[in-house]
Amino acid sequence: MESEENRRALEESVRRDLAGTLTYADYLHLDELLGAQVPLSSPPQHDEMLFIVQHQTTELWLKLLVHELRSARDLVAADALGPALKRLARVKHVQHTLTEQWSVLATLTPSEYAQIRPFLATSSGFQSAQYREVEFLLGNKDPQMVEVFTHDPTARATLERLLHEPSLYDEFLAHLARLGHPVPREVLEGDRTRAHRSHPGVVEVFRAVYADPDAHWGVYETCEELVDLEDAFQQWRFRHLQVVQRTIGHRTGTGGSSGVDFLRRALDLTFFPELYEVRDRVGG
């Protein structure tokens, strides 16, 4: 007999008849969302569901990152640093979640992955358009990456626009110039379709900011937020490398890359080089 003490009574005010109402499942389109996990392995492999859910979840978080980074960039362009920093705080929490997710995929052993790898064919995370959007928004731009999405006109058009638009860092440097900081003109008017390259004039601007944080608190705080963001991104990259290494070793990736070696080279990339170089100048 069920004990009344081990039962939570349903409150009278809780709606029971949901016919004709907007339900939780309706609002979230759960029929579509939960119907999108379609394993291809034959015979079915138990671990393919993990692989699909992991990557679909990542794409959902990337969608939010793009949403927040676009907003942060536009707010900086409008000289609204306070709301922009709120967006970046959320971005960092999403980055932390994405990094922690790798621990789930890391439960996939080499033997288990080998059972599903043939069914992935040439599909690869390298082909994630949203990941490229995030990189472009942060300033790591490469026109060659746009060509990867020739097969997808919508994704290509989005990346083409972002390639020519200012990045978050571009807008931050423009904001500094509007505040009166001597950001070099060649930096402000540089080629937006290429990854940002370090400029000694920008390092000097940041040296002055770090020399007197109280006088430049909003800029100083934003600098540190950007460093936090890049640090979190590098942690994600490194964790990705580790999981790939423990799962496939040094084998070629499904997308044709060299795998671990290709991922390791990404660790040398930086979005905001002057914010790291200025560390050598602080207090010196």
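Author: Gladly! Let us begin with a cut-off: angles of 65 to 115 degrees between axes count as roughly perpendicular. Please keep in mind that this is a predicted model.

Reader: What makes α5 and α12 roughly perpendicular to each other?

Author: The axes of helix α5 (residues 110-120) and helix α12 (residues 217-248) cross at roughly 85°. That value falls within 65 to 115 degrees, and therefore α5 and α12 are called roughly perpendicular. Their axes also come within 8 Å.

Reader: Which residues make the contact of α5 and α12?

Author: From α5 come Pro-110, Tyr-113 and Arg-117, while α12 brings Arg-246, Thr-247 and Ile-248. Sorted by class, this contact has three nonpolar, one polar and two charged residues.

Reader: Why is α11 called roughly perpendicular to α12?

Author: Here the axes of helix α11 (residues 200-211) and α12 cross at roughly 115° and come within 9 Å. The range for roughly perpendicular is 65 to 115 degrees, so α11 counts as roughly perpendicular to α12. The crossing of α11 and α12 is left-handed.

Reader: Which residues of α11 and α12 meet there?

Author: Phe-206, Val-209 and Tyr-210 of α11 meet Val-219, Tyr-220, Cys-223 and Glu-224 of α12. By class, the contact of α11 with α12 has six nonpolar residues, one charged residue and no polar ones.

Reader: Now to a single residue. How do you know whether Leu-138 is buried or exposed?

Author: Buried means under 20% relative accessible area. Leu-138 has 1%, so Leu-138 is buried. This residue lies in helix α6 (residues 129-138).

Reader: What does Leu-138 touch, not counting residues up to four places away in sequence?

Author: Leu-138 touches Leu-69, Ser-167, Leu-168, Tyr-169, Leu-229, Phe-233, Phe-271 and Phe-272. One of these, Leu-229, falls within the residues 217-248 of α12. As for Arg-117, that residue is 21 residues from Leu-138 in sequence and 32 Å away in space, C-alpha to C-alpha.

Reader: And the whole protein: how many helices and strands does the secondary structure come to?

Author: The protein has 14 helices and zero strands. Of its 284 residues, 40% count as buried. The C-alpha atoms fill a box of roughly 75 × 55 × 40 Å along the principal axes.

Conventions:
Residues numbered from 1 in each chain as written. Predicted model: local features only at pLDDT ≥ 70, side-chain atom pairs only at ≥ 80, totals over all residues. Heavy atoms only, no water. Helix = DSSP H or I, 4+ residues; strand = E, 2+ residues; numbered from the N terminus. Buried < 20%, exposed > 50% of the residue type's maximum accessible area, 1.4 Å probe, protein only. Contact = heavy atoms within 4.5 Å. Axes fitted to C-alpha atoms, helices over the stretch in contact; angles between N-to-C directions. Parallel < 35°, antiparallel > 145°, perpendicular 65-115°, else oblique. Nonpolar A, V, L, I, M, F, W, Y, C, P; charged D, E, K, R; others polar. Left-handed = near helix turned anticlockwise from the far one by under 90°.
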